[in-house]
Amino acid sequence: MDDRGGSFVAVRRISQGQCHSSSAEIVAGSSAWLGRGLSCVCAQRRESDARPSFDLTSTQEECLQRLQSRIDVPYDSSIPEHQDALRALWDAAFPEEKLHGLISEQWKEMGWQGKDPSTDFRGGGFISLENLLYFARNFQKSFQDLLWKQEGDRSVWEYPFAVAGVNITFMLIQMLDLEAVKPRTLVGATFLKFLAENETAFDLLYCITFKLMDHQWLAMRASYMDFNTVMKSTRRQLEKELLLEDITRLEDVPSYRLLSR
């Protein structure tokens with residue numbers, strides 16, 4: 001897959017006891033690479049720009065720059081830190097199964113497209129691996145529930161867990177306009193308020209979004225061909241929740257309650 005479009009592999013749901021079987025079935029599908037309380041930001045509209053621009057406090061600007069620095073890091077399989085993070089993700093996902101190598105058919109069990117996960121990180125960079133690892137370490141039950149598709153009446157053909165995670169990272173970066181010097185949307189400006197209070201806000205929002213996406217998937221009785229539709233629905237719902245009047249931190253977002261540690 002590339003930064004703007006590509007394919008994913010939909011995994012046919014099988015029982016947990018069968019998940020490590022090499023005979024798991026896969027099928028190709030398409031993917032769309034895939035307000036109140038704003039005392040810290042002020043909207044300014046330029047005559048030459050149809051979109052508003054939001055001024056930032058120095059703290060918000062510093063936090064945004066640090067997050068952008070994370071976003072700019074591509075996954076590099078030659079860097080020991082990146083290798084260690086990938087191994088840590090495997091250990092968190094499958095603590096009782098030894099990983100045979102960073103390039104292994106085992107990775108397909110987690111929902112990567114092939115035996116080398118590095119080829120799937122191009123859409124999200126190293127931060128998409130960091131997001132998955134944060135999810136696994138901080139919300140272990142929800143992470144495992146989604147990995148094993150343990151909740152709800154599932155489709156025969158399910159979305160691939162890991163590749164869906166990379167899609168979510170990419171979607172959040174676009175939705176929050178995080179590559180701009182200043183946010184140009186109200187939802188992006190609102191997020192920076194949370195980021196200034198909690199530097200792990202992006203990782204936490206990722207966990208909320210992943211669980212919300214699965215909730216939408218089940219509510220829509222979706223199958224792999226509906227993945228793009230589910231992602232769009234997830235984004236709309238997330239934007240609505242972030243802009244609710246009584247939200248002062250990400251833990252107040254209604255969908256946060258879907259998470260379990």
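Reader: Good to know. Which residues of α2 are buried, then?

Author: In α2 the buried ones are H82, A85, L86, L89, W90, A92 and A93. They sit on the same side of α2, because they cover an arc of only 165° around the axis; that arc is taken from the directions from the helix axis to the C-beta atoms.

Reader: And what covers the buried residues of α2?

Author: The cover includes α3 and α4 (140-148). Contact here means heavy atoms within 4.5 Å.

Reader: How many helices and strands does the protein have?

Author: There are 8 helices and 5 strands. Both are DSSP runs, numbered from the N terminus: helices are H or I with at least four residues, strands are E with at least two. Along the sequence the pattern reads β-β-β-β-α-α-α-α-β-α-α-α-α. As for burial, 50% of the 261 residues count as buried.

Reader: What is the mean pLDDT of the protein?

Author: The mean is 84, and 80% of the residues reach 70 or more. pLDDT is the predictor's confidence in each residue, from 0 to 100.

Reader: Which elements have the lowest and the highest mean pLDDT?

Author: Strand β3 (residues 42-44) has the lowest, 33, and helix α3 (residues 126-138) the highest, 98. Over residues 1-49 the pLDDT is below 50, although this stretch has 122 contacts in the model beyond near neighbours in sequence. Where pLDDT is low, the predicted coordinates should not be read in detail.

Reader: What is M110 in contact with?

Author: Leaving aside neighbours within four places in sequence, M110 contacts L89, W90, A93, F94, L147, F161 and A162.

Reader: I see a lot of rings. How many aromatic pairs are there?

Author: A search of the whole structure finds 14. Rings of Phe, Tyr and Trp (its six-membered ring) pair if their centres lie within 6.5 Å; planes under 30 degrees apart count as stacked, over 60 as edge-to-face and the rest as tilted. W90 and F94 have ring centres 4.4 Å apart and planes at 50°, so that pair is tilted.

Reader: And why is the pair of W90 and W107 called edge-to-face?

Author: Because the planes of W90 and W107 are at 75°, with the ring centres 5.3 Å apart. W90 lies in helix α2 and W107 in the loop between α2 and α3, so the pair ties together parts that are 17 residues apart in sequence. W90 is buried at 0% relative accessible area, and W107 is buried at 0% too.

Reader: Which rings are linked into a cluster?

Author: Ring pairs link F135, F143, F161, Y206 and F210.

Reader: Last stop, α6. How many of the 12 residues of α6 are buried?

Author: 9 of the 12 are, so α6 is largely enclosed by the rest of the structure. What covers these buried residues includes β4 (53-55), α1, α5, α7 and α8.

Reader: Where is P183, and what does P183 touch?

Author: P183 is in the loop between α5 and α6 (186-197), and is buried with a relative accessible area of 2%. Not counting residues up to four places away in sequence, P183 touches P52, S53, F54, L56, D177, G188, A189 and L192. P183 and P52 are 131 residues apart in sequence, yet 8.4 Å apart in space, C-alpha to C-alpha.

Conventions:
Residues are numbered from 1 along each chain as its sequence is written. This is a predicted model: local features need pLDDT of at least 70, side-chain atom pairs count only at pLDDT 80 or more; totals for chains, interfaces and linings use all residues. Side-chain values use heavy atoms; hydrogens and water are left out. Buried means under 20% relative accessible area, exposed over 50%, partly exposed in between (1.4 Å probe, protein chains only).
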